[in-house]
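Please keep the sequence and the coordinates side by side while reading. The paragraphs below go from domains and strands to a sheet and then to aromatic rings.

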Amino acid sequence: KETSSPSLGKDRADTVIIGGGCVGVSLAYHLAKAGLRDVVLLEKSELTAGSTWHAAGLTTYFHPGINLKKIHAYSIKLYENLEEETGQAVGFHQPGSIRIASTPTRVDEFKYQMTRAGWHPTEQYLITPEKVQELFPLLNMDKVLAGLYNPGDGHIDPYSLTMALAAGARKYGAQLNYPVQVTNLNSRSDGTWDVETPLGTIQAKRIVNTAGFWARDLGKMIGLQHPLIPVHHQYVVTSTIPEVKALKTELPVIRDLEGSYYLRQERDGLLFGPYESEEKMKLQDSWVENGVPPGFGKELFESDLDRIMEHIEAAMEMVPVLRKADIVNTIAGPITYSPDILPMVGPHQGVRNYWVAIGFGYGIIHAGGVGKYLSDWILEGEPPFDLIELDPNRYGKWTTTEYTAAKARESYGFNNIVGYPKEERFAGRPTERTSGLYDLLKSRCSMGFHAGWEQPHWFYKPGDVTGYKPSFRRTNWFDPVGREYKQVMEKVGVIDLSPFGKFKVKGTDSVKLLDHLFANVVPKVGSTNISHMLTPGGKVYAELTVSQLYPGEFMLVTGSGSELHDLRWIEEQVTRGDYKVEIANVTDEMGVLSVAGPYARQVLQKLTNEDLSDGAFKFLQCRHLKLSNIAVTAIRISYTGELGWELYHRIEDSVALYNAIMEAGQNEGIDDFGTYALNALRLEKGFRAWGAEMNCDTNPLEAGLEYFVKLNK
């Protein structure tokens with residue numbers, strides 16, 4: 001049993017971690033083990049209070065994405081060796097796990113997942129119903145078509161795991177202090193923090209928020225609204241079941257995806273936990289408005305079996321021995337959800353030296369890997385591999401409380417939904433972040449969600465099957481996208497690119513800053529280039545287009561999903577080098593239309609007196625002009641690889657500009673195109689995309705970017 005130490009021990013620290021769940025303790029363990037001195041963890045009540053202590057403790061190698069599998073795999077390998085390293089038992093069981101397919105679409109999904117399994121050394125197999133039954137003999141096989149089997153999966157005791165990590169953290173020199181509540185956070189002008197507690201103040205070089213469902217309250221202290229919401233999650237434990245007791249080996253964990261629950265052996269009984277639909281699930285939204293009740297620590301909610309009855313019935317059908325079992329315990333506790341279920345991990349834009357590891361719906365499997373990932377990033381100055389999907393800066397001012405609640409409901413209810421390629425989810429949309437053309441275009445196309453924006457994926461024509469119809473095979477957008485592709489190749493098309501991230505940079509040191517930030521040279525006045533921000537280790541952190549509009553005044557443009565990710569990096573370099581510059585994020589004020597295709601010049605020339613001929617307006621030049629009397633900054637560049645311009649303008653002018661262009665292009669047969677066709681065009685041209693052909697896992701030479709990297713800089 002842990003003994004608490006309610007003292008600060010010191011008044012200065014390198015890193016103060018706030019929150020003693022498994023994630024915070026894992027970070028303390030990894031930082032201390034890597035040799036960082038002065039690591040202090042503060043916990044307001046006791047270690048594991050909050051969500052850790054009552055977790056079901058599932059561990060799996062499986063993740064539908066690619067990068068997060070590395071986090072899962074690291075956690076499992078760490079947990080396998082923790083007892084030996086720390087002398088603390090962790091109660092780790094590894095009977096494997098099976099995801100069950102009971103529909104043909106699920107079998108497609110498993111095959112799709114198997115094509116991605118080669119990215120990782122961890123084992124994963126598509127198994128037959130016979131093999132499923134051999135591994136889990138108590139299953140009713142009527143509906144089972146296939147299984148996705150991960151050997152080495154299982155479950156761990158969350159309390160013991162946290163205590164083992166705590167023992168390791170102390171062994172390597174970290175201080176874990178509790179009960180010590182953080183009452184206030186003050187940032188100092190030099191970027192350090194004063195962390196105030198009833199026992200005094202600690203000055204920290206950096207702080208890390210790992211406060212679980214208190215993370216929002218902590219964020220509010222420094223003016224941030226972290227989009228997090230506590231969700232009620234229930235699981236049920238049965239008494240001894242004779243058929244389970246009679247087994248020679250432990251049953252693998254099963255996930256019945258259509259029934260939307262997980263089920264595992266717990267001693268001689270079974271434990272199972274469902275994910276209810278978004279209509280039935282329950283949010284603890286009062287905590288979002290009023291904060292977590294003071295003193296809440298190791299409490300639970302009232303259980304509600306009625307809410308999960310259809311899942312209990314599905315489980316009884318799949319595992320018939322459950323019918324005779326008695327329920328001895330129902331755990332109903334809070335877990336924290338972000339809008340998309342994925343945690344928020346890393347440094348936060350707009351606040352210096354403030355890091356987060358919050359919003360964990362699956363904290364036990366993520367704790368080990370995220371502790372290592374963040375520790376490496378803090379110590380090396382760059383992430384060890386790309387995890388843009390966990391970037392806390394993927395959310396912004398558009399992420400309102402209403403949006404967070406709607407999304408958390410949807411994400412919880414969709415826990416076991418089929419994971420299609422090009423998946424769209426519709427709750428909470430549209431946000432307040434819509435382009436000037438949204439109302440005009442929304443009924444004419446299939447919209448996609450990009451960092452809060454709605455952007456056309458593809459457009460409808462009479463005879464098309466409209467709407468969102470996801471599939472693992474060719475679906476309703478295939479022919480229309482081919483049609484749009486041809487439109488841009490042979491005639492001229494218009495696309496709304498307003499979601500681009502857009503920054504203006506000016507000031508005495510602007511040229512010096514950009515020369516330091518980018519691997520390419522700084523473009524001359526009236527010119528544009530493609531530039532990359534590289535990490536100290538030479539990985540591609542970001543790709544932007546850079547235009548020098550006036551002497552010393554630049555516009556930087558990046559992809560919608562990278563807006564605050566890139567801005568944070570730029571701001572960090574500005575602070576570090578003490579550059580005298582002003583940076584304005586003008587993303588929401590500016591619309592962007594791109595006109596591309598062999599007739600693009602012909603159409604735009606009708607709207608301006610400015611000479612758009614090749615001699616007068618060359619590729620990668622930029623200038624200010626008026627089109628149909630609307631002021632635009634025009635850049636001769638197109639991601640399609642065809643002749644084209646990007647037209648940056650006030651978002652209020654989008655409709656007028658769009659209508660003028662469409663009117664002018666009637667004779668040339670102008671038409672709309674969406675991002676699906678854009679992607680096909682850029683791939684055939686060989687234009688790389690950040691997040692696909694390059695990211696923090698690739699260096700620019702691997703990605704074929706040597707043209708843009710000046711090695712003599």
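A residue is called buried here when its relative accessible area is under 20%, exposed when that area is over 50%, and partly exposed in between, with a 1.4 Å probe and protein chains only. Helices (H or I, at least four residues) and strands (E, at least two) are DSSP runs, numbered from the N terminus. The model is a predicted one, in which local features need pLDDT of at least 70 and side-chain atom pairs count only at pLDDT 80 or more, while totals for chains, interfaces and linings use all residues. Residues are numbered from 1 along each chain as its sequence is written, and side-chain values use heavy atoms, with hydrogens and water left out.

The domain assignment, whose bounds come from an automatic or database source, gives domain 1 as 12–337 and domain 2 as 501–585, and the centres of domain 1 and domain 2, taken over C-alpha atoms, are separated by 39 Å. Over residues 380–433 the chain is 26% helix and 0% strand, with the end C-alpha atoms 35 Å apart, whereas over residues 442–713 the chain is 24% helix and 29% strand, with the end C-alpha atoms 46 Å apart.

Strand β27, residues 590–596, is mostly covered, since seven of its seven residues are buried. Met-590, Val-592, Ser-594 and Ala-596 point one way from β27, and Gly-591, Leu-593 and Val-595 point the other way. Two strands pair if DSSP finds at least two bridges between them. By that rule β27 pairs in the antiparallel sense with β21 (residues 493–496) over four bridges, and Ile-495 stands opposite Ser-594 in β27. Seven bridges join β27 to β30 (residues 644–650), again running antiparallel, with Met-590 opposite Arg-650 in β30.

A further group of strands forms an open sheet of five, in the order β23-β24-β25-β22-β26, with antiparallel pairing. Its edge strands are β23 (528–534) and β26 (582–585), each of which pairs on one side only. Within this sheet, β24 (residues 540–550) and β25 (residues 553–558) are joined by five bridges, and Val-546 stands opposite Leu-556 in β25. Helix α14 (residues 510–517) packs on the sheet, touching β22 (501–506), β23, β24 and β25, and its direction makes about 30 degrees with that of β25; contact means heavy atoms within 4.5 Å, and axes are lines fitted to C-alpha atoms, for helices over the stretch in contact, with angles running from 0 to 180 degrees between N-to-C directions.

Aromatic rings complete the picture. Rings of Phe, Tyr and Trp (its six-membered ring) pair if their centres lie within 6.5 Å, and planes under 30 degrees apart count as stacked, over 60 as edge-to-face and the rest as tilted. By this rule the count comes to 29 aromatic pairs. The rings of Trp-458 and Tyr-460 have centres 5.0 Å apart and planes at 75 degrees, so this pair is edge-to-face; Trp-458 is buried, with a relative accessible area of 2%. Trp-477 and Tyr-676 are also edge-to-face, at 4.9 Å centre to centre and 65 degrees between the planes. Because Trp-477 lies in the loop between β20 (453–459) and α13 (478–490) and Tyr-676 in helix α18 (residues 675–685), the pair ties together parts that are 199 residues apart in sequence. Trp-477 counts as partly exposed at 23% relative accessibility, whereas Tyr-676 is buried at 13%.
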